[in-house]
Amino acid sequence: MGQRTVLVTAHTGKQRALRSARLVASRLAAAGVAVRTLAAELSVPGADEVPAGPAAAEGTELVIVLGGDGALLRAAELSRPAGVPLIGVNLGHVGFLAEAEPDGLADVVDRVVSGDYVVEERMTIDVTARGNGDVIASTWALNEATVEKAARERMIDVVVEVDGRPLSQWGCDGVVCSTPTGSTAYAFSAGGPVVWPEVEALLMVPISAHALFAPPMVVSPKSELAIELIVSVETSGAVLWCDGRRK
């Protein structure tokens with residue numbers, strides 16, 4: 001069996017996160033675990049610096065990220081292509097996605113070194129954008145995919161479908177399609193329910209819908225949610241966001 005390797009990443013805008021990341025990296029290295037960092041993000045003596053990208057976590061055992069939920073969502077873009085687990089240490093304000101707090105930093109490293117951890121699987125959403133039937137983009141989301149109005153002064157008009165069946169038509173500011181993981185993020189702010197991460201489900205939450213009947217919906221994880229944009233002179237164009245990072 002080859003040497004174990006861990007990718008350590010951090011919120012570059014927080015000096016506290018960078019200091020903590022260097023501490024984690026040095027403790028791992030002292031225990032004989034090879035450390036990988038992202039070039040131009042974190043410089044640690046003896047660490048292997050690699051370019052940020054889909055291949056950054058290839059061949060690692062796991063990814064450790066220090067920061068808030070934004071930093072963890074960024075790290076998920078590295079860990080998912082490699083199929084390796086991700087553990088977050090919360091150095092942000094809320095940290096719904098993180099598994100550990102700063103005072104548990106040493107314990108996190110010790111448990112990683114000893115292999116004393118359990119991997120919890122989380123759902124993601126496959127996302128496809130189409131224009132007149134043609135595929136514009138295909139991507140994924142850990143928290144949510146959100147269709148939002150592009151112009152502040154106008155609503156968008158949408159038809160919402162579940163598994164090919166039209167549900168309703170609303171004027172609204174947008175629609176959130178969320179995983180249980182994302183139920184404590186944008187979907188929660190828009191009035192959706194909190195769903196336990198182990199529950200397999202998809203959420204559909206309208207944003208400021210101008211309608212008498214536009215409640216949040218919870219559907220099967222196998223369902224396909226479709227948000228069709230109805231374009232007219234009274235409505236604006238729309239933007240599709242994934243995890244608030246990719247559009």
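Which residues does Ser79 touch, not counting residues up to four places away in sequence? In this predicted model, where local features need pLDDT of at least 70, side-chain atom pairs count only at pLDDT 80 or more, and totals for chains, interfaces and linings use all residues, Ser79 touches Ala57, Val63, Val84, Pro85 and Leu86, contact meaning heavy atoms within 4.5 Å. Residues are numbered from 1 along each chain as its sequence is written, and side-chain values use heavy atoms, with hydrogens and water left out.

Ser79 is found in helix α2 (residues 69-82); helices (H or I, at least four residues) and strands (E, at least two) are DSSP runs, numbered from the N terminus. Ser79 counts as buried because its relative accessibility is 6%, where buried means under 20% relative accessible area, exposed over 50%, and partly exposed in between (1.4 Å probe, protein chains only). Between Ser79 and Leu7, which are 72 residues apart in sequence, the C-alpha to C-alpha distance is 9.2 Å.

Two packed helices are described by the angle between their axes and the distance between the axes. For helix α1 (residues 15-30) and helix α3 (residues 105-114), the packing angle is about 35° and the axes are 10 Å apart. Axes here are lines fitted to C-alpha atoms, for helices over the stretch in contact, and angles run from 0 to 180 degrees between N-to-C directions. The crossing of α1 and α3 is right-handed, that is, the near helix is turned clockwise from the far one by less than a right angle. Ser20, Leu23, Val24, Arg27 and Leu28 of α1 make the contact with Leu105, Ala106, Val109, Asp110, Val112 and Val113 of α3. By class, this contact has eight nonpolar, one polar and two charged residues; Ala, Val, Leu, Ile, Met, Phe, Trp, Tyr, Cys and Pro count as nonpolar, Asp, Glu, Lys and Arg as charged, and the others, Gly among them, as polar.

The largest nonpolar core has 23 residues, of which Val6, Val8, Val24, Leu28, Ile64, Leu66 and Val112 touch the most other members. Such a core is a set of buried Ala, Val, Leu, Ile, Met, Phe, Trp, Tyr and Cys residues joined through side-chain atoms within 4.5 Å. Two or more residues of this core come from each of β1 (5-10), α1, β4 (62-67) and α3, and α1 gives the most, with six residues. Leu28 touches Val6, Val8, Val33, Val35, Ile64, Val109, Val112 and Val113, residues up to four places away in sequence not being counted. Another core, of 20 residues, lies apart from it and includes Ala145, Ile156, Trp170 and Val219.

Strand β12 (residues 202-207) has six of its six residues buried, so it is largely enclosed by the rest of the structure. Leu202, Met204 and Pro206 are buried on one side of β12, and Leu203, Val205 and Ile207 on the other. Strand β11 (residues 174-178) pairs with β12 in the antiparallel sense over five bridges, a pair of strands requiring at least two DSSP bridges. Val205 is the bridge partner of Val176. Strand β13 (residues 217-219) runs antiparallel to β12 and is joined to it by three bridges, with Val219 opposite Leu202.

Strands β6 (residues 125-131) and β7 (residues 134-141) are antiparallel and joined by seven bridges. Ala129 stands opposite Ala137 in β7. The two strands form a hairpin with two residues between them, and Asn132 in the turn has a positive phi of about 55°. Gly131 lies in β6 and is partly exposed, with a relative accessible area of 23%.
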